[in-house]
Each structure stands twice: as C-alpha cells, then as structure tokens.
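Morning, everyone. I'll walk through it piece by piece.

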Amino acid sequence: MDEETDFDVIIIGAGFAGASTAFQLLKEGIEGDRILVVDRGEPIGSKNLTGGILWGRELDDFEEFLGNWEMDCPGIERAINHKKVGFLSSEDALFVEGRFASWDGTGDTDEPSQRSSWSVLRAKADAWMAEKMEEAGIFVMPGMKIDQLHIEGLDHESYTARDLTDPAEDSGEGAAQKWKIDNFPKELVDKIRNGVIRGIVQDGEVMTSKVVVIAEGSNSILTRTYHFDSMLNAQSKEDLLLGVKEVIHLGKERIDERFNCFPGDDERPPSGMAMELALSLYRDMAHKAWKEYPVTDGLYPRCGGFFYTNRETVSCGIIVQLSSLPSGIHTYDLYQAFKEQPAIAALIEGGEAIEYGAHLCPEYGLHRMPHRFTRDGALVVGDAAGLVFANGMQIQGMNNALHSGKLAGKAIAACISNGDVSAKALDDTYTKSLKASYIYRDLKRFEPATKFLNNPANFTWVPELVGKTANRVFREIGEEKVPAEKVLRQVRKEMRAESKANKKGMGLFSMLKLALTGRKL
Amino acid sequence: MTETTKLGLFTYDVKNGLGLIGYNVDEHEHAHIIVDTKKCGDCDSMMCVWGCPAQCYMFRDVGLEEMKFQYEDCVECGTCFLMCTDGALSWNHPRGGFGITYSQG
C-alpha cells in the first residue's frame, strides 16, 4: 500500500451513509482533499426518496460540520412529538395515539436532546449535506454513476459494466439465472469477485484509492455485481419492500392547525406527526385479481401505510412486500386505495400533490444480511448493506445508515494508519463494531418480529376486526351496553361466517399463534 | 378504458403523478433498462407490469399482445428487475445526471 493513490477513500453515494462516513473520516484526521464522494444524482439528493422517519440524534456527532442541523437543514422537516399507530379497513379506522410534549421541546424539559425523530425530505436534506461536505473540504462530485470498480492487476477493459448486469444468452429462469460475466474466463471472474479493490472506473478512467466505500443505498448494483450481496438478484424479492408515496402540499399554517402542531420558533423546529398503519383495504381488489389472474391465486398484498407531516407538505404513502404482490394489482393502485380511505382522505383534503415517487427498502433482518460487508480495499454501509430495522411500529434505516457510516469511517482511518486495508483488517474493525452496535442488537432482538409481520392476518382480518369492534364499542345506539370482549367475539363470529378465508385464518389456533409471535415485538 | 381500470377498484392516475416529477431523459441508445421482450411472450404473471410504480411496462393488462416497455418514466426503483422471473431484463441506473430528479424526496 506504499504506492500513491489519487485519494485515500472514495465513497460511492452521498446519502446519509456516505456523508456520515466522509465526516467521520475527517474527524479521524483524514484530510478532506483525500476523500472523494461521488453520487449519480445531479443535484445530489435528486435520486433519493424516503418513506421513513429519521430516528435518533446521530447527526449531533457532526456538529462541527453541520452546526445546528435541526434548525438549518432544509430537508429536516418537523420534530415528531405526535406518534400514531392505526388499523384501517375500508370504512373503519382505529388509532393509538401518543403525544409527547418533551419530544418537541415544549414540555417542562426543554432539552433539545429530547427531540429524537424528524420527518425528512431527502432530496433537500442530501443536497444540504453535500454542501456541508464541500464546505468541510471534501471533494464531492455529483452526476457521476459508478458501475465498475478498479481491481488490482485487472484491466477494466477486459469486461464492461453491461457484462455484469446483462443476462447471459444461455441464462435459465429463476434460480438458474446467469449473467454474461458468468461465461467469461474463470480467472477473470474470480478477480472481479475476489480481487483487491483499488478505486473506481469512470468513463474509462481509473481513480485510485486505498479504500472504496459502497454507500449506494437500497437496490445497490455494485454490492450485487461485486458480490458483497450475491443474493440481491431476480430471486430475492423476498424481504424487499416497495414504498410508493406522494408529497402533498397543504401549507404550513394548515398543517399546524390540522395536526395541532407547535409552529416552531427561533430555537425549536416545528413539531409534527408520524403515523404507521396496518391496512386491510385490499380484499375486494385481491379477489377480483385472483379471478382474472389465477397464476397468483391466493396471494394477498401485505401492505402498510405511512403518513408524516413535513413543514409545508405531508408524505403519504404505502409500503408493500414485493413477494406478496399478486398479478392484477398495480402498486400505485394500492396507494390510491390508502389515499381514499376516509380517515386518510380527511387528512389530505384540500391538498395538492406536488411529487410522486417510489423507492425500494431492504427489510432483510439478520437472516438475510449480505454474505460479507468487506472485501480487500472495500466495504459496504447503510441501505446498500441492508441495515434496515423494521418491527411494524418503526422502520429505521436512516439512523442505521448514519451509524454504520461512522463505524466505517473509524475503521477505515485505523486500517489506513496501520497500513492494512485487507478484507480481514476491515472485518476486524468495521464488521466487528457493526455487530457490536445497536444496529445489530436491534436486528437480533427483533428477528422474531419478522415472522409476526409477515403473517397475512395483519394485512387481512386483524385491522378489520379491530376497526369493527371499536366501531361498535364506541357507538351509542340507545341499547344496553355490551362488554368489549363480547363485541369482539361477536364480530369475529360474523367475519368468519362472512368469508371462507376468514373461516380458516381466524381460528383460535391461528389467533393464538399470531399473539405468541406478536409478543416478541 | 383499459382492462386494469376495469379491474382496479381504486385507480391511481399514474400519468398525472409522473407528471409531477422532474426528469432529464437520456437518449434511446443510452436507455438504462433493456427488456428482451421476446422472453415476455408467455409470461403469465407479468409481475413487472404490476410491480412497476411508473407504468413503464404495458402488456396484456392493457390488451396488448406484446410487451411494450418505455424507460422514460422510470423512477429507478429496481422493482421490475426483482420481479422478472424470465431473465428478460438488463437493469442499470441511468448515466450520471440523467433520469429522475426528485426535488422533495
């Protein structure tokens, strides 16, 4: 590693994971002009989209670069002090709602540290972070897509980026899928997959570095083509979610009023609401689809909703498990059904959609992590590494991205100073600290939750049962009151009689199994 | 009226939605996704059609005999690549600076 490289570290992707790695490297004493951050978006942020909430105060650690990010960053929208979880069926809605004055700094405790979650708009936030990186002296290059890495001792012209992503002529279907590169000489393929990474290739030119950080976000092509995560291919839609959302403009005053938000002042950001919803809106759609397309008969879309208030707008969308999508239902029509549910329609009434978009989200859990986080001279962080946590009440990816970036920055600086950036050295530092961090501990503790979350019951009869029961319990019709438990039993009986699917799904044994897995949340 | 509209109980006006997004569309010769539509012929499930949030894929869902693909409206999510069971897709991101430009995100 004595030879001079163009940079110490090249980071691919200027999202939270990439930016965090870069800032941490600065903190560890790496010079800004030895760090290059490239991003395929121009401007930076223009490729990014979130359906989530930024949890935790990870950004505080970069105060020297970001200052008062909470107030100054345009994409950090509102401090969430109002959290809702809800069950929606086509007519009924039941919400569990928490409102915490301390979370927005309006309670007795006026400590900023109490604020721990924010609604975010990433196109704006990432652009701001990129500015801050440049101010700190880091090289940032927008509009640069990297699809080839520079491998020591390998002429990058001996294969093209398309060879990595194009199906081979003799490719089989399903698991037998093959790529063009698979038909290249074995020695070359092995170099691509296991050689020492020493930089990036851009427009035929090589830029070298001691370490390359892959921070491409979800749907990372490099993690696939360079075999960090060889499972990310056409067979791996399991554990991947698609978020579809609209950003709907309502105006600041209307949002403050409609959602009872603290409007913010010189020291405190405006407060906001975050809501995650279990949906059973798709029964009729699914039945029609099954009839029309028997090929996916019985496949029911496992789909949740989310709704967040931003400063001037709201983010309204759904998130669907790709493996659960039946033929006959477009993902955007799942969104429309959510948007038209009366409780949601009321919240966006009078608003105007200003942006539509969609993005993948890895919800891997421990059972489906990339098979390696490091290679000689490279490592992978954030969503690209599948570091997203989901337990049904929270989806956390952005804080994990920031945190993994910090761990990567520390590890890389240490490895560079020791003169050893081999896969093993990076593993002993980065992967080790990652596995000891809260990211992994959370993933481990909530691994059983995936079983609960994937249970079709949560997307079919559970929200309906909850909604119908609440409807009757809360209603006063001038008759003798019936205890809630009895109502619940009555509703269950009716629902079971109503549909064949419910007859099986709502049996006592199924319900017990659901409750037992749900306990692990 | 397309077949999907008849089937869907809730129909999102996706073209209107896509109209809200900024794009810097690259030339055809640089299309970032290439679909070998010959392989789509007997595909029953047409999962790309249903998964794609931008209606880039149109097939029997709208009464077409052959798969029709356009990359211009692509939001670069990667769903089609994961959904295709026939190995018909060559999937890449657009060249740097091209493709979708979210302004909110």
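When I say domain, I mean a stretch whose bounds come from an automatic or database domain assignment. Keep in mind that this is a predicted model. For chain A, the assignment gives domain 1 as 1–75 + 121–239 + 364–436, domain 2 as 240–362 and domain 3 as 453–518. How far apart are the C-alpha centres of domain 1 and domain 3 of chain A? They lie 46 Å apart.

Next, the contact between the chains. Chain A puts in 62 residues, and chain B puts in 44 residues. On the chain A side, the elements giving two or more residues are α5 (122–135), α6 (161–165), β11 (240–249), α10 (283–292), α11 (331–340) and β15 (352–362). Which of them gives the most? That is β15(A), with 8 residues. By class, the chain A side holds 25 nonpolar, 19 polar and 18 charged residues.

Now look at strand β12 of chain A, residues 271–280. Of its 10 residues, 10 are buried. Both faces are covered. One side carries A:Ser271, A:Met273, A:Met275, A:Leu277 and A:Leu279, all buried.

What does β12(A) pair with? Strand β4 of chain A, residues 76–89, runs parallel to β12(A) and is joined to it by 10 bridges. Within that pairing, A:Lys83 has A:Ala274 as its bridge partner. Strand β13 of chain A, residues 303–309, runs antiparallel to β12(A), with 5 bridges between them. There, A:Ala278 stands opposite A:Gly304.

On to a helix pair. Two packed helices are described by the angle between their axes and the distance between the axes. Here the pair is α1(A), residues 16–27, and α13(A), residues 398–418. Their axes come within 7 Å and cross at roughly 35 degrees. The crossing is right-handed. From α1(A), the contact residues include A:Phe16, A:Gln24 and A:Leu25. From α13(A), they include A:Met398, A:Leu402 and A:Ile412. By class, this contact has 9 nonpolar, 7 polar and 2 charged residues.

Now some loops. A:Pro142 sits between β7 (139–141) and β8 (148–151) of chain A. Is A:Pro142 buried or partly exposed? It counts as partly exposed, because it has 19 C-beta neighbours inside 10 Å, and buried takes 20 or more. A:Pro142 and A:Ile44 are 98 residues apart in sequence, but their C-alpha atoms are 5.8 Å apart in space. Beyond its sequence neighbours within four places, A:Pro142 contacts A:Asp39, A:Gly41, A:Glu42, A:Pro43 and A:Ile44.

A:Pro43 lies in the loop between β2 (35–38) and β3 (53–55) of chain A. The peptide bond from A:Glu42 to A:Pro43 is cis, with omega near 0 degrees.

Last, two backbone angles. Most residues other than glycine have a negative phi, and most peptide bonds are trans. A:His227 has a positive phi, near 55 degrees. A:His227 is in the loop between α8 (221–225) and β11 of chain A. A:His227 is partly exposed, because it has 17 C-beta neighbours inside 10 Å. B:Met46 also has a positive phi, near 50 degrees. B:Met46 is in the loop between β2 (33–35) and α3 (47–51) of chain B. B:Met46 counts as buried because 23 other C-beta atoms lie within 10 Å.

Conventions:
Residues are numbered from 1 along each chain as its sequence is written. Chains are lettered from A and ligands numbered from 1 in the order in which they are written. This is a predicted model: local features need pLDDT of at least 70, side-chain atom pairs count only at pLDDT 80 or more; totals for chains, interfaces and linings use all residues. Two residues are in contact if their C-beta atoms, placed from the backbone, lie within 7 Å. Helices (H or I, at least four residues) and strands (E, at least two) are DSSP runs, numbered from the N terminus. Ala, Val, Leu, Ile, Met, Phe, Trp, Tyr, Cys and Pro count as nonpolar, Asp, Glu, Lys and Arg as charged, and the others, Gly among them, as polar. A residue is buried if 20 or more other C-beta atoms lie within 10 Å of its own, exposed if 12 or fewer, and partly exposed in between; C-beta atoms are placed from the backbone. Two strands pair if DSSP finds at least two bridges between them. Axes are lines fitted to C-alpha atoms, for helices over the stretch in contact, and angles run from 0 to 180 degrees between N-to-C directions. A crossing is left-handed if the near helix is turned anticlockwise from the far one by less than a right angle, and right-handed if clockwise.
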